[in-house]
Amino acid sequence: MIRVFLLLAGLALLPMPAQAQQDIDCKNPQTQMAMNICADRDYQTADEDLNTVWAELREARQGRPSWQPILDAQRLWIPFRDAHCESEAAPYEGGSIQPLIRSSCLAAVTQQRTAQLRDLLIQP
């Protein structure tokens, strides 16, 4: 009986299956795990948008004198973003909300950077 209990307890600790993650309604998440997953999805979407704008900017500016400072700034921005969001999430270390705080920060900072890169696209 103890073995069965330990087996069931161990199974409860396994990560949520991919199908269950896909079924989460991010318009109204009901659990901390769902909120964490939805915040990560928001970050992934923001990162995809940034990569799209970055590709457009690279195509428009590469080979021009203005490209190298943009590239340098982006290379510095990535570790800044990561360190900044780690610092925001650090007070929640070990808590179930930490992934939400980190992913929400990553999404917000990435969206801000995407807007900055879009502004560079319209500059001469």
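Residues are numbered from 1 along each chain as its sequence is written, and side-chain values use heavy atoms, with hydrogens and water left out.

Trainee: What is the mean pLDDT of the chain, and where is the pLDDT below 50?

Mentor: The pLDDT is the predictor's confidence in each residue, from 0 to 100; its mean over the chain is 88, and 82% of the residues reach 70 or more. Where pLDDT is low, the predicted coordinates should not be read in detail. The stretch with pLDDT below 50 is residues 4-12.

Trainee: Which way does α3 run relative to α5, roughly parallel or roughly antiparallel?

Mentor: Helices are DSSP runs (H or I, at least four residues) numbered from the N terminus, and axes are lines fitted to C-alpha atoms over the stretch in contact, with angles from 0 to 180 degrees between N-to-C directions. The axes of α3 (residues 32-61) and α5 (residues 98-122) come within 8 Å and cross at roughly 20°. Angles under 35 degrees count as roughly parallel, over 145 as roughly antiparallel, 65 to 115 as roughly perpendicular and the rest as oblique. Therefore α3 is, relative to α5, roughly parallel.

Trainee: How are α4 and α5 arranged, roughly parallel or roughly antiparallel?

Mentor: Helix α4 (residues 67-89) packs on α5 at an angle of about 155°, and their axes are 8 Å apart. The arrangement of α4 and α5 is therefore roughly antiparallel.

Trainee: Which residues of α4 make the contact with α3?

Mentor: The axes of α3 and α4 come within 11 Å and cross at roughly 165°, so these two helices are roughly antiparallel to each other. Contact means heavy atoms within 4.5 Å, and on the α3 side it is made by Tyr43, Asp47, Leu50, Trp54, Leu57, Arg58 and Arg61. The α4 residues are Trp67, Ile70, Leu71, Gln74, Trp77 and Arg81.

Trainee: How far apart are the end C-alpha atoms of α3?

Mentor: The expected span of a helix is 1.5 Å times one less than its number of residues, so the 30 residues of α3 should span 44 Å. The distance in the model agrees with this, the end C-alpha atoms of α3 being apart by 43 Å.

Trainee: Which glycine just after α3 takes a positive phi?

Mentor: The phi there is about 95°. The residue that takes this positive phi, just after α3, is glycine 63.

Key: Predicted model: local features only at pLDDT ≥ 70, side-chain atom pairs only at ≥ 80, totals over all residues.
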